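Subject: Structure handover

Hello,

Here is the structure we spoke about. Please open it first, then read the notes below.

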Amino acid sequence: DGQFNPDVRTVDDIGEFEDLANAVLYNALAWVVNGSSVYSANAVKFVNTWFLDADTYMKPNLAYAQMQRGPTGQNGTHTGILDLKCMAKVISGVLILREGNAAEWTDDIDSSLVSWVNEYISWLTTASIALEEKAAAK
């Protein structure tokens, strides 16, 4: 249905991440334009659900993105790295909340997301499938 649902625990479509990215960015922008904390709270809820909440968060890697099943196991492919291409929208929304001093964007949430992103960057710069994508022909 094109709506990000923070209560869904499994994701079977990269479109879900794009929906999340749009929801974070557009709610942050709506907060700037409208000033209503409803929008900033929405953005924070989405970030918390996807990246930080122990029961629902995405692990900071794409080890199983675009998984291939078969006799050698269930492994992600290097092209799966591209599944998080919308992360720039999420970060843009976060920066809007951070720089605008949204009350809902707390120091604790900020530092937790920074930790998640740092773990993801570490994985992205060392994991074999990430390095395969880096070396892939453009």
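Start with the largest nonpolar core. It holds 33 residues, and Phe17, Phe51, Val90 and Trp105 touch the most other members. Helices H1 (15-34), H2, H3 (87-99), H4 and H5 (128-135) each supply at least two residues of this core. H1 gives the most, with 7 residues. Keep in mind that this is a predicted model.

Now the overall picture. The protein chain has 5 helices and 0 strands. From the N terminus on, its elements run α-α-α-α-α. The chain has 138 residues, and buried residues make up 35% of them. Take the contacts between residues at least 6 apart in sequence: 62% of these join residues at least 24 apart.

Back to one of the core residues, Phe17. Which residues does Phe17 contact, leaving aside its neighbours within four places in sequence? They are Trp50, Phe51, Asp83, Leu84, Cys86, Met87 and Val90. Two of these partners, Phe51 and Val90, are also among the core members named above.

Next, a helix pair. Two packed helices are described by the angle between their axes and the distance between the axes. Helix H2 covers residues 37-52 and helix H4 covers residues 107-126; they pack at an angle of about 40°, with their axes 11 Å apart. H2 and H4 are therefore oblique to each other. Their crossing is left-handed. On the H2 side, the contact is made by Val44, Val47, Phe51 and Leu52. On the H4 side, it is made by Ile109, Ser112, Leu113 and Trp116. By class, this contact has 7 nonpolar, 1 polar and no charged residues. Phe51 is worth a look here, as it takes part in the H2 contact with H4 and is also in contact with Phe17.

Two single residues are left.

Is Asp110 buried or exposed? Its relative accessibility is 15%, so Asp110 counts as buried, the cut-off being under 20%. Not counting residues up to four places away in sequence, Asp110 touches Arg98 and Trp105. Trp105 is one of the core residues that touch the most other members.

Where does Asn101 lie? It sits in the loop between H3 and H4. Asn101 has a positive phi of about 55°, although it is not a glycine. With a relative accessible area of 67%, Asn101 is exposed, because exposed means over 50%.

Over to you.

Best wishes

Notes: Residues are numbered from 1 along each chain as its sequence is written. This is a predicted model: local features need pLDDT of at least 70, side-chain atom pairs count only at pLDDT 80 or more; totals for chains, interfaces and linings use all residues. Side-chain values use heavy atoms; hydrogens and water are left out. Axes are lines fitted to C-alpha atoms, for helices over the stretch in contact, and angles run from 0 to 180 degrees between N-to-C directions. Helices (H or I, at least four residues) and strands (E, at least two) are DSSP runs, numbered from the N terminus. Angles under 35 degrees count as roughly parallel, over 145 as roughly antiparallel, 65 to 115 as roughly perpendicular and the rest as oblique. A crossing is left-handed if the near helix is turned anticlockwise from the far one by less than a right angle, and right-handed if clockwise. Contact means heavy atoms within 4.5 Å. Ala, Val, Leu, Ile, Met, Phe, Trp, Tyr, Cys and Pro count as nonpolar, Asp, Glu, Lys and Arg as charged, and the others, Gly among them, as polar. Buried means under 20% relative accessible area, exposed over 50%, partly exposed in between (1.4 Å probe, protein chains only). A nonpolar core is a set of buried Ala, Val, Leu, Ile, Met, Phe, Trp, Tyr and Cys residues joined through side-chain atoms within 4.5 Å.
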